[in-house]
Amino acid sequence: MLSNLQQQPADALLALIKLHNDDPRADKIDLGVGVYRTGDGETPVFGAIKAAEKKLVETQDSKAYLGPEGDMGFVAALMPYVFGKENPDMGGRIEGMQTPGGTGSLRLALAMVQRAGAKRIIVGKPSWPNHAQICKDLGLEVVEFNHAGEDGKVDMDALRAAIASGTEGDAMLLHGCCHNPTGIDYTHANWDEIAGLLANSPIMPILDLAYQGLGLGMEEDAYGLRTVLAAVPDALICYSCDKNFGLYRDRVGALYAMAKDPADLTKIMSNGHSLARANWSQPPDHGGAAVRLVLEDEALTAQWLAELDEMRERMRWVRDKLAAAGVTGGVDLSPIGIQNGLFSIIPFTPEQVQEMRKNHGIYFAGSGRINVAGLTTGNIDKFIAAVAEVTA
Ligand code: PLP
Ligand code: TYF
């Protein structure tokens, strides 16, 4: 039976890890998969997380099952950061559950809207490839609109047209901040307009917030999500702690639902729970418990926020340095300065992507997406010189 299976392509982003590892050159540069790196090129465990993990080992007295919703203390502790300290559950309209990463949350959100009758998911192009992959796996139709124009700014006309074309049974997947792969985010004015358009549309928003705190700041990065939630009757929120707590492989995320009527939340979440049982039964506990211990402790919270500030400032330094290089060879690096998060796209041709790998040992996605956190004081000049040579 199993011989009937067809070969599937490897994940192109994850495959880059191996390509880079196999390159023997000492001065190779990894700008591939989206993990934060320090100025030394490391992806260390946060100090606040290390301290919380120590506490967890010392105090955890059982690993008995918690249930499909996971650690509800973790789910609640995150809410003031996501939805705002003033009204963290929007007057009883929001409830959540723990999921295995943002990916688990997206899987549940998309399966849930499908159960609710959704047929089409409207997604900007380009997007994180897993968005379309999950939709495809569930049999949901993906309807694309152009995310950004050639000027490096958001293509609002395409978004307006996409919302105008929405009908009952459509959901729209929006990146809350630090757009993957372009780094091109909506401005506050754009979000205000989007919220107004969605308020008058049958489309239900699914907000994917996988990089809160890595763009402009924890509060600033939540502006779009909060503005949309204040305007629409219901929405799903897919949250990842894997970047902003550096927990990647521990798979830490949450799914939140905002209902028009709080009385519907029990019914809505029972669907999240039954879908979780059918997929993974219960989320892994360790990372979520560590996040909870950070957020329940004032000193650890301050330490975590300071570590996040340092990451954001380092990425801003990289972005400013690339932007200052301006027109380099045949490409203009200056838009990178106004983009946010780990990623930006440099318009390399596929041949140039290969030349960067072959001639310079510099690895990034075939789309020209670079992880700016892979650049450091030690390699950024080499990178800029290589871009100049390859694109000249
Ligand atoms: N959403 C976006 C836009 C992402 O880039 C990622 C990337 O990792 C995720 C969600 C999911 O993250 P994870 O499943 O690692 O928590
Ligand atoms: O886009 C990225 O690089 C991150 C990490 O299947 C990632 O979002 C990439 C591919 C994948 C899972 C995570």
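This tour goes from the domains to the sheet and ends at the ligand. Keep in mind that you're looking at a predicted model.

**Stop 1: the domains.** Colour residues 11-45 plus 300-391 as domain 1, and residues 65-296 as domain 2. Their C-alpha centres are 26 Å apart. Where they meet, 22 residues of domain 1 are in contact with 22 residues of domain 2. Now pick out helix 11 (298-325): with six residues, helix 11 gives the largest share of domain 1's side of this contact. That side counts twelve nonpolar, eight polar and two charged residues.

Stop 2: Seven of them make an open, mixed sheet, ordered 2-8-7-6-5-3-4. At its edges sit strand 2 (94-100) and strand 4 (141-146). From one strand to the next, the twist averages 25 degrees. Zoom in on strand 3 (residues 120-125), which runs parallel to strand 4 and is joined to strand 4 by six bridges. Click glycine 124 and you'll find its bridge partner, phenylalanine 145, in strand 4.

**Stop 3: helices on the sheet.** Select helix 3 (residues 72-83), which packs on the sheet and touches strands 2, 6, 7 and 8. Then try helix 6 (residues 156-164), which touches strand 3 and strand 4, with its direction at about 145 degrees to that of strand 4.

**Stop 4: the ligand.** Finally, select ligand 1. Which residues surround ligand 1? Among them are Gly34, Trp128, His175, Asp208 and Asp242. Helix 4 (residues 101-115) brings the largest share of this shell, three residues. By class, the shell has eight polar, two nonpolar and two charged residues.

Methods
Residues are numbered from 1 along each chain as its sequence is written. Chains are lettered from A and ligands numbered from 1 in the order in which they are written. This is a predicted model: local features need pLDDT of at least 70, side-chain atom pairs count only at pLDDT 80 or more; totals for chains, interfaces and linings use all residues. A residue is near a molecule or strand if its C-beta atom, placed from the backbone, lies within 6 Å of it. Helices (H or I, at least four residues) and strands (E, at least two) are DSSP runs, numbered from the N terminus. Ala, Val, Leu, Ile, Met, Phe, Trp, Tyr, Cys and Pro count as nonpolar, Asp, Glu, Lys and Arg as charged, and the others, Gly among them, as polar. Domain bounds come from an automatic or database domain assignment. Two residues are in contact if their C-beta atoms, placed from the backbone, lie within 7 Å. Two strands pair if DSSP finds at least two bridges between them. Axes are lines fitted to C-alpha atoms, for helices over the stretch in contact, and angles run from 0 to 180 degrees between N-to-C directions.
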